[in-house]
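Q: I am new to this structure and would like to learn how to read its features one at a time. Could we go through it together?

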Amino acid sequence: MKKQRMMLALTAVLGTGLALSSCGGTENSSESSLLPNYDELVVVSPTGAPTIALFDQGDNENWTSTTPDFVRSAFLNDESDVIIFDGVNGLRLNAAHPEYDYKLARWITGGNFYLVSTTHETIDELTSASTIVSFGENLLPDLVFHKLIDDYWNWETSDSLNIEYLSAVSDVSARMIADHDSADYYFIAEPVLTNVKSRLAEQNVEVHEIYNLREEWKDFSGQSAIPQAGLFVNGSHYSANKDTFDSFLTHIDENLSLVLSDPEEAKEIMDSNLPLSEQQARFGFNSNLLVSLQNGNANRFGVVDPASIEDSQTFVNDFMDILSGEGAERFADSLFL
């Protein structure tokens, strides 16, 4: 392996007595062939917040960061080892196509959604005439938004609100930058929100954060996160090469813990594997933004602390119960690692 920190993690996980060195070093053991090589795992993910789990994999040629539609198609064949995708929709795809046997192994992000405004500082100014621009109608973040409106925030029912839906969060961003006062409130996500703030600051326009949806959901439901991005592994590939996958998952846990506890160190590692100038295209953000959004325990990427969810299946099924009530969708044991 080429990364010293990753090697040390593998040594602990596999219990070997190997003495490892950093890039270009040697392995002082005949058992070195037992070390899994993460570069051999075929990994597919969308660009954006979920790639924070792979911040040290910028130079990994077997990791493809691409569009959500391309990632979705990866569930319909047996070619990938690891897929990072919208967790709930990934579970639904796997339930519909059990022949490909992908299983959810980790939750990566748990809510990076915000309600903001450039014309109002609080929600107290909302009226029946207020307008809201959002994205992803009837997708999970939108359903959470409506649940909080109806059952927690004590607004008028969400059906009576003037909500204009755009196709994607990038469209909301573009709308705000081009015509920020064309709506009273905007439903948006990080890291694009930070870019909007920066662009509007150039116009001397301040963006007021009304609600952090993850915090609001926690207060309402008691759950520490919203099931957002999940990491899936190919079940048959996992069975054939369990040590490699288990060590990879342990390393993912370490990455998530590091961006929560020490984003400055995560930045150094990210920069050592890919130049800053190439990171935006690869990850959907760069290491400077990682530090900006994660410093001071802000966790504006909505990273899930690996220690906070004991059982992935229980977490998402409890979420569905809270969201939908009686008759809520349930996900079977077979869909989880």
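This is a predicted model: local features need pLDDT of at least 70, side-chain atom pairs count only at pLDDT 80 or more; totals for chains, interfaces and linings use all residues.

Q: What is the separation between the C-alpha atoms of S261 and N299?

A: These two residues are 38 residues apart along the chain, and their C-alpha atoms are separated by 9.6 Å.

Q: Turning to strands, how many residues of strand β6 are buried?

A: Strand β6, made of residues 131-135, is mostly covered, since four of its five residues are buried. As a general idea, side chains in a regular strand alternate between the two faces of the sheet.

Q: Which strands are joined to β6 by bridges?

A: Strand β7, residues 162-166, runs parallel to β6 and is joined to it by five bridges, with S134 standing opposite Y165 of β7. Strand β8, residues 185-189, also runs parallel to β6 and is joined to it by two bridges, and here V133 stands opposite Y186 of β8.

Q: How many salt bridges does a search of the whole structure find?

A: The general idea is that side chains of opposite charge can pair when their charged atoms come close. In this structure, the search finds 11 salt bridges, and one of them is formed by the side chains of E329 and R92, with an N to O distance of 2.8 Å.

Q: Why can the pair of E329 and R92 be said to tie together parts of the chain?

A: E329 lies in the segment after α13 (312-324), whereas R92 lies in helix α3 (residues 87-96), so the pair ties together parts that are 237 residues apart in sequence. E329 is partly exposed, with a relative accessible area of 30%, and R92 is likewise counted as partly exposed, at 36% relative accessibility.

Q: Which residue does K197 meet in a salt bridge?

A: The side chain of K197 meets that of E209, and the N to O distance is 2.5 Å. This pair links distant parts of the chain, because K197 sits in helix α6 and E209 in strand β9, 12 residues apart. K197 counts as partly exposed at 27% relative accessibility, and E209 counts as partly exposed at 34%.

Q: What is the N to O distance in the salt bridge between R330 and D321?

A: For the side chains of R330 and D321 the distance is 2.7 Å. R330 counts as partly exposed, at 48% relative accessibility, and D321 counts as partly exposed too, at 34%.

Q: Finally, which residues form a negative surface patch?

A: The negative surface patch is formed by E121, D124, E125 and E206. To place one of these on the chain, E206 is found in the loop between α6 (192-201) and β9 (208-212). With a relative accessible area of 53%, E206 is exposed.

Notes:
Residues are numbered from 1 along each chain as its sequence is written. Side-chain values use heavy atoms; hydrogens and water are left out. Patches are made of residues with over 30% relative accessible area and no salt bridge: like charges are joined within 9 Å, nonpolar side chains (Val, Leu, Ile, Met, Phe, Trp, Tyr) within 5 Å. Accessible areas come from the Shrake-Rupley method with a 1.4 Å probe; for residues, only the protein chains shown count as cover. A salt bridge is a side-chain nitrogen of Lys or Arg within 4 Å of a carboxyl oxygen of Asp or Glu. Lys and Arg count as positive and Asp and Glu as negative; His and the chain ends are not counted. The place of a charge is taken as NZ of Lys, CZ of Arg, CG of Asp or CD of Glu. Buried means under 20% relative accessible area, exposed over 50%, partly exposed in between (1.4 Å probe, protein chains only). Two strands pair if DSSP finds at least two bridges between them.
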